[in-house]
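I opened the model and kept notes on what I looked up, entry by entry. The entries follow in the order I made them.

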Amino acid sequence: MDGERQDREDTQSEDDFVEGGEVLEEYVIDNTAEQPDEELDDTANDQDNTENAENEEGDGEGDGGMELFEDDSIQGCFLHTDSVFSVSINPTNPDMAITGGSDDKALIWSISKGDNDPDFPVSVLEGHSDTVVCTAFNFDGSLVATGSLDSTVKIWNTSTRALVTTLEGPGGGIEWVKFHPKGNIVLAGSEDSTCFMWNVKSSGADFMGVFGGHEQSVVCGGFTPNGKLVVSGSIDRSIRIWNPKDQTCIARIAGYGFHEGEVTSMSFKNDSSLVATGGQEGFVCVTNLVTNKIAGTLRGHEDSVESVDFSNSNQSFLCSGSLDSQVKVWDLNTMQLRLSCTGHSDGV
């Protein structure tokens, strides 16, 4: 994060000047006299350096300072050596988490014990040659997938932590990876504008097909909760609805009334009737997956909507997070805003 820059102007008031009557004694400076040695210059420089160091070690409110916050977390894993881009939790063992980062690694660790549990040591999953940007567990938590910018998806056994297979095919970095809700079929979206699908077995995987049709990177997508459809969103400003059995496109949603910028995020209603998408232009679109028509547009954010999610307790509510630093809660029965949550100082 870039530090805030503050422009400072030097100001002088009349009090800074001395009136003639206030002069107590006058000195004549001989410009021809021998100049002082370099020790005086060094002393001045040392004083300047000391003042600069004190400013940099301040409370974070000065130029380029970073505000410090108290760590209220209960537990954590601190073994990644670079930025973390993905976190997933095992659906059948909620104490097991996996994280992926730009150190080209994925870590499996205990949520309750962090990285200090001798009975549950952190497992480092190595093998990718570029950033691990996405992770996903299968329906029973026995397998976990890691997707990387190296254009591959790797499948791991969560009990043995051993590599099961490496899935190849996409011609660009992996943007996201998802399992079928009821089986070991893996779906991944790529920077090459396609989605690939594989059937993972105990010792390998079968390639099942490619979903082709988008014109640019496929940045979000997945199976509907009932597993009967695939929906993908792209920076080409469209979503596509697919039949997973033969990879044919059932519908393309784009144009008037839909997103005016890149599609950034996606979430499904549990009954598979609706899909919500966030857009770079700053609003949320809700699409009916039964009629394949736009059900509503939720406007109110002032910057890109980076995340959307249906409420677990009430599926009539939808949350959206934006780079405008706000989280908004929407009522899908009326397509109206219910609540705006503020407090973040930067994008959500």
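**Entry 1: V305**

I began with V305, which is buried because its relative accessible area is 0%, against a cut-off of under 20%. I note here that the model is a predicted one. V305 sits in strand β21. I then listed what touches V305, leaving out neighbours within four places in sequence: T264, S265, G278, G279, G282, F283, V284, S320, G321 and S322. I also took the C-alpha distance from V305 to V263, which is 8.9 Å for two residues 42 apart along the chain.

**Entry 2: the largest pocket**

How much space lies in the largest pocket? I read off about 1,500 Å³. The lining of this pocket is made up of 44 residues, and T135, V177, K178, G221 and M266 are the closest to the centre. I looked up which elements give two or more residues to the lining: they are β1 (84-89), β5 (132-137), β9 (174-179), β13 (218-223), β17 (263-268) and β21 (305-310). Sorted by class, the lining holds 24 nonpolar, 15 polar and five charged residues.

**Entry 3: β9 and its sheet**

I next followed β9, one of the lining elements. It belongs to an open sheet of four strands, in the order β9-β10-β11-β12, with antiparallel pairing. β9 and β12 (204-212) are the edge strands, each pairing on one side only. On average, neighbouring strands in this sheet are turned by 20° against each other, with direction ignored.

I checked the first pair in that order in detail. β9 and β10 (residues 185-190) run antiparallel and are joined by five bridges. K178 has L187 in β10 as its bridge partner. K178 had already come up among the residues closest to the pocket centre.

Is β5 mostly covered or mostly open? I found five of its six residues buried, so I count β5 as mostly covered, with buried meaning under 20% relative accessible area. β5 pairs with β6 (residues 143-148) in the antiparallel sense, over five bridges. V132 is placed opposite S148 in β6. The two strands, β5 and β6, form a hairpin with five residues between them, and G141 in the turn has a positive phi of about 75°.

β13 pairs with β14 (residues 230-234), antiparallel, over five bridges. Opposite C220 I found G233 in β14. The hairpin of β13 and β14 has six residues between the strands, and G227 there takes a positive phi near 75°.

Which residues did I note with a positive phi although they are not glycine? D104 is one of them, with a phi of about 70°. D104 lies in the loop between β2 (96-101) and β3 (106-110). I classed D104 as partly exposed because its relative accessible area is 24%.

R237 is another, with a positive phi of about 75°. R237 lies in the loop between β14 and β15 (239-243). The relative accessible area of R237 is 46%, so I classed this residue as partly exposed as well.

Terms used
Residues are numbered from 1 along each chain as its sequence is written. This is a predicted model: local features need pLDDT of at least 70, side-chain atom pairs count only at pLDDT 80 or more; totals for chains, interfaces and linings use all residues. Side-chain values use heavy atoms; hydrogens and water are left out. On a 1 Å grid over the protein atoms alone, a cavity is a set of points where a 1.4 Å probe fits but cannot get out, and a pocket is an open set with protein on both sides within 12 Å along at least five of seven lines; lining residues have an atom within 4 Å of a point. Grid points are joined across faces, edges and corners, and a volume is the space filled by probe spheres set on the points. Ala, Val, Leu, Ile, Met, Phe, Trp, Tyr, Cys and Pro count as nonpolar, Asp, Glu, Lys and Arg as charged, and the others, Gly among them, as polar. Two strands pair if DSSP finds at least two bridges between them. Axes are lines fitted to C-alpha atoms, for helices over the stretch in contact, and angles run from 0 to 180 degrees between N-to-C directions. Buried means under 20% relative accessible area, exposed over 50%, partly exposed in between (1.4 Å probe, protein chains only). Contact means heavy atoms within 4.5 Å.
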